[in-house]
Structure formats: C-alpha cells, structure tokens
Amino acid sequence: MSGTLLFAYAVLGVASSHHERLIKPRGRADGKKPHIMFVLLDDYGWANAGWHRPEGFDEVQTPNLDSLVSEGIELDRHYVYKYCSPTRSAIQSGRNPIHVNVVNEEPTRYNPNDPVSGFAAIPRNMTGIAAKMAAGGYSTHMFGKWDAGMATPDHTPKGRGYQSSMIYFHHANNYWDQTVGMCNQSRIVDLWHSSQEGFEGPAVGFNTTCANPNTITGDGCKEGPLGDHWYHGYEDAIMEEQILSLVESHNTSVPLFLFWAPHMVHTPLQVPESFMSKFDFIKEKGNDLQRQERQTYAAMVNFIDEAIGNVTTMLKVKGMWEDTLMVFTADNGGPVYYSGDGGANNYPLRGGKMGNFEGGIRANAFVSGGYLPEKAQGTKYEGFVTGWDWYATFSELAGVDPMDARAAAAGLPPIDSLSMVDVLMGRNYTSPREEIPIGTAHCRDTESEPGSTSDCRMPPRYHNFSVGGVIRSDGLKIMVGDHSQAGWQGVYYPNRTTARTKCFDPDINLSSCVLQCRPFCFFNVLDDPEERVELSETVNSDDFDDMVARLHSAQKTAFYPDRGSISDRACEVALNEYQGFWGPFVA
C-alpha cells in the first residue's frame, strides 16, 4: 500500500473508532457470551437445500447442513434483498437495504462530491457489526466475499472492525485464479488480506495461476506458495484453510466472531474434479444443460457442505461448539435467470434472484450450535426475521448498544435491526418484526439491476421509489409495477427442456413471464407461499389502504445517494501500487 493510503488509513481509523456504549449481555442467564459463526452462502437456491427436498433426493447432498438444521432452529421466514451487495451491506450495517444500499454497483464507483456516501455499498460513517463485536471483547474475523465497499480504507473489512480477513471485493471473481475485470488489458486479481499483526494489502502468494482459468475443474492451475494445497488453488478452499487455522489457534477464553461468506454457489460455476465426478450421474440422466450447470451447481453445494462440516468439527475438537451460536443464511434466492445459467432451483417458490417474488427474497436459513437452549433445538420458527436483524441480535449478545451514534452524527439513517435474542433463547416466540419493506432500484438506476435494460416498468408516480413492496406480519404482500421472472421452476430445473425458455430472463422486455401490477399486486405469502393467487380484485379496502400507506411511509425515509461513476483511479492503483490486485483507491 502506498504511503499516502497508509497515512489515510491511520487517520480514518481513528475517526471510525467511535466509543460504543456497553450494556448487560442478553444471552444466557449465566452471562456467558457465545462464540458466533455467521455463514452467508451466495446464490443458494431454496430447492438446493437438503431440508427442502424429500429424504433420499440424490441431486442435493447436504448432510452436514441437514444435521445442523435438525439440531437447531430452522428459520422458515428469513428475508433478504433480491441480490448480493444490498444484502451484504444490510447485514454488516444493520439496516434495511432501503436505508443503506439497494443497487449492485461495482466497487470502483466514486463520487468526489460526497465524501461520506459517494461510494458503492455502505456509507463511510456507518458502524459495521464487527466494530460492535470488537467493543464487546470479541476477536473478529472475515473470510470470503465482501461486496460491501472498497473505495477507501474505511470500506475494507479492517476499516469496518474485522481484526483479520481474507476476502475479495467484487460481486464475483474466478474461483481458480481469483481475477475479475481488466485494466490496460491485464487481468486483475481480487484477493485482499489483513492480519491481526497489522498488515493489510493484496494477498500476494495466496492467489493461483492458470493457463486457462475458465475451465470448470481448474485443469492446469497451480496454487500460490501460500494458497490452497488441497485442490490446486480453489478459492473457497483457500478460505476454508484460513478459517481452520484460525479456529485451531484461537484462545477459547476470548469470544470469537467469525463471518464466513463463501463464494459458493455464485457463478462462474467451477468446482474441483473430485466433487464434480461425484455427480456424474446427473450427466448420465441426459437431461442437464449442455454446459452441465445443474451437475456443477450440485457439486459446488456438496463442496461447501463438506467445508462447513470441517469447520464445525474443528469447533467441537477445540471444545468451542457447546458455546457457539451459528447463523446460516443465503444472501438471496437462487439464480434461475435466462435458461438456468446460474444452476439453481427455487422450487416450489416463484421466481428467483433479481426479483421480489418469494424465490428471490426468502432465504434458506437456520440457527444452530450448543449455545441454543435445549428446548429450541430441532424446531422450526415461522416468525419474520431479516438479514439485518442479526446486527442488533449480535450486539445485545456481546453486551453492546446496537444504536449507531457515529452514523447519527453524520446525518445517516439509523439502524432498522430488531433483536431476535429472546426468540433464540426461547423467552418469547413472537417476532418483533411487524413488516418488511422490500427494496428495489428506482428508475434513475434501473440499469444497475443485473441483466436489466434502462427501461423502467414502474408506474410514473413510483419512478423514484426505491421501495418496491411491503410484507405485513399476517403475510399480506404488496408489489408495485411490472415484474419479470414471474414463473415457477420444476423439480429438476434447469434441464434441456428449459434450455430455451425466456420465462426467467431478468430483462422485462425479453421475459415471457411478466406479472403486470397496475399499479399494485397483492398476495398472502403465509396462506399462499408459492404466490399463485393474486388478490388485487379481492383485497378489502382497509387492507388496501393500509398496505399502500406502509409503502409510502417506508419511501419517506429511503436513502439513495449519488454514488458517482467508475473511477479510473481504481485501475491506476491496482496496476501501480497493488501489484495487479484490486484494493482501496481513494485516500
């Protein structure tokens, strides 16, 4: 890192270390703080989870996750945003995406006229969950996909309070050589490392070299000297090895906060050969897509299931599991777009990633670990929980006031997080969450919706809305405007029959499955979780007025800064200061 950026980090680091008010921890009666492991799986389809399939369904093999669900609390109504960066921004900041970030911008964006919010993802002056946990005495560590900002040192995991990390910044990179994007015709590596000893910078030596990094199984790739030696340089194995090493050396008297966000199962669909070959029976069925998306996705799910099993086993060996709270969630529904290129399946839910149907925003989720009271283990919770509710939950478990005073001083929106501690501890089974405003990019930034065109299909009155719907606690859901991907997948999606479908094209001008809401559609997702019965003709006037009022009320507080444009400075710094790696580029 250059002297200029190092100096900026030191100054900004002091500015960001806002004093946190400590409170009495609200976990177990004995006052013991749990070790916390948060696993955020990328693009994980509803039907790609073993606990959502009949026993013995051979295409989904998640024995470790299934066991963790059976020993914990299945969260049946856990909601997130419809795609990557907004969900991650929400979880790290404790805010509904409408109050932090509703667009999937590249991390190289920069608006020099706004030094607080003129960047991709989380504004500079919002306090991250890791800073809260560190204030509560936790050892804090982040591994995997970050996608919550990159522009300044304040935007990195270290700047947000993680004491060590191994991450990549973008929405995705190549699993085999960790590259994404180009600068001056050179492929740029996205792999960033920080240590507890104070180092922060490009993860040189951890990255992999490949003659052709775009093969499924990484043929011919060679791991870096510090990288993954199990599968010749596979990115999620790099992360797994780092996590196992961390847990093995951890001082168990200090509470651990481990945030693990695997690349899996986001595209590009790539996986080690030993896992790919386990699912050759899918190819032999003869109904997969030509590029074997269904087989590859199934193999990737099995890989990460095994990795999670390895880490939970290490926690048990260390004697930490009985005091561990593990939270698992997907960041959005599975990608079913185009003809199934993403490999996922949300059967029987409607739609998928990039849409606000249940298949896009209702996530696979559960809580497990020995910290849960015995009466909570092996249960299913039907109350509403959101990804951003973990911020207040974890803060209270750590004995830290979840309020974000630093953001308030900067005039930024407050947190929306509601603590679920009483639910987890079995003290109160009623969710404190009475509604969930559903975010969307408004018409100014329709092109930032992945796969979309600049054509806005919101009614004129709602062109500047970044709230696209609301779900009320009784299940009533309102949606605004027109929606693509308005279909359902089958048991074996994707397959050769669906190879030419336009139903799940995210471009509303090309999709053959469009729901037109003029201006509103209504569903009840508790009575009708597959969203097959549209209720606008039958909803009573009181409910209609209440839902529209909730929609407008949520929009009044929406946060939508100008995040600027792609900065040439990001490439300059990557090439000249970071040895061909992405990293912060604004001092």
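Over the ring of which residue does the charged end of Arg532 sit? In this predicted model, where local features need pLDDT of at least 70, side-chain atom pairs count only at pLDDT 80 or more, and totals for chains, interfaces and linings use all residues, the ring is that of Trp488, with the charged end of Arg532 4.2 Å from its centre. Residues are numbered from 1 along each chain as its sequence is written, and side-chain values use heavy atoms, with hydrogens and water left out. A charge is taken to sit over a ring if NZ of Lys or CZ of Arg is within 6 Å of the ring centre and within 35 degrees of the ring normal. The charged end of Arg53 is likewise placed over a ring, that of Phe57, at 4.1 Å from the ring centre.

Aromatic pairs were assigned to rings of Phe, Tyr and Trp (its six-membered ring) whose centres lie within 6.5 Å; planes under 30 degrees apart count as stacked, over 60 as edge-to-face and the rest as tilted. The count by this rule is 31 aromatic pairs. One of them is the edge-to-face pair of Tyr231 and Phe275, with 6.0 Å centre to centre and 65° between the planes. Tyr231 lies in the loop between strand 10 (200-202) and helix 5 (235-249) and Phe275 in helix 6 (residues 273-276), so the pair ties together parts that are 44 residues apart in sequence. Helices (H or I, at least four residues) and strands (E, at least two) are DSSP runs, numbered from the N terminus. Tyr231 and Phe275 are both buried; buried means under 20% relative accessible area, exposed over 50%, and partly exposed in between (1.4 Å probe, protein chains only).

Phe520 and Phe544 also form an edge-to-face pair, at 5.8 Å centre to centre and 70° between the planes. This pair links distant parts of the chain, with Phe520 in strand 20 and Phe544 in helix 13 (residues 541-556), 24 residues apart. Phe520 is buried at a relative accessible area of 10%, whereas Phe544 is partly exposed at 32%. One aromatic cluster is formed by Phe38, Trp146, Tyr162, Phe257, Phe259, Trp390 and Phe394.

Four disulfides, defined as pairs of cysteine sulfur atoms within 2.5 Å, were found in a search of the whole structure. In the disulfide of Cys183 and Cys571, the sulfur atoms are 1.9 Å apart, and the link is left-handed, with -75° about the S-S bond. Cys183 in strand 7 (residues 179-183) and Cys571 in helix 14 (residues 568-576) are 388 residues apart. Cys183 is buried at 1% relative accessibility, while Cys571 is partly exposed at 24%.

The sulfur atoms of Cys210 and Cys221 are 2.1 Å apart in a further disulfide. The torsion about its S-S bond is about 115°, so the link of Cys210 and Cys221 is right-handed. Both Cys210 and Cys221 are buried. Cys517 is joined to Cys521 by a disulfide with an S to S distance of 2.1 Å; the link is left-handed, with -105° about the S-S bond. Cys517 and Cys521 are each buried.

On the surface, Tyr347, Val491 and Tyr492 form a nonpolar patch with about 230 Å² of accessible area together. Patches are made of residues with over 30% relative accessible area and no salt bridge, like charges being joined within 9 Å and nonpolar side chains (Val, Leu, Ile, Met, Phe, Trp, Tyr) within 5 Å. A salt bridge is a side-chain nitrogen of Lys or Arg within 4 Å of a carboxyl oxygen of Asp or Glu. Accessible areas come from the Shrake-Rupley method with a 1.4 Å probe; for residues, only the protein chains shown count as cover. Tyr492, in the loop between strand 19 (476-483) and strand 20 (515-524), is partly exposed at 34% relative accessibility.
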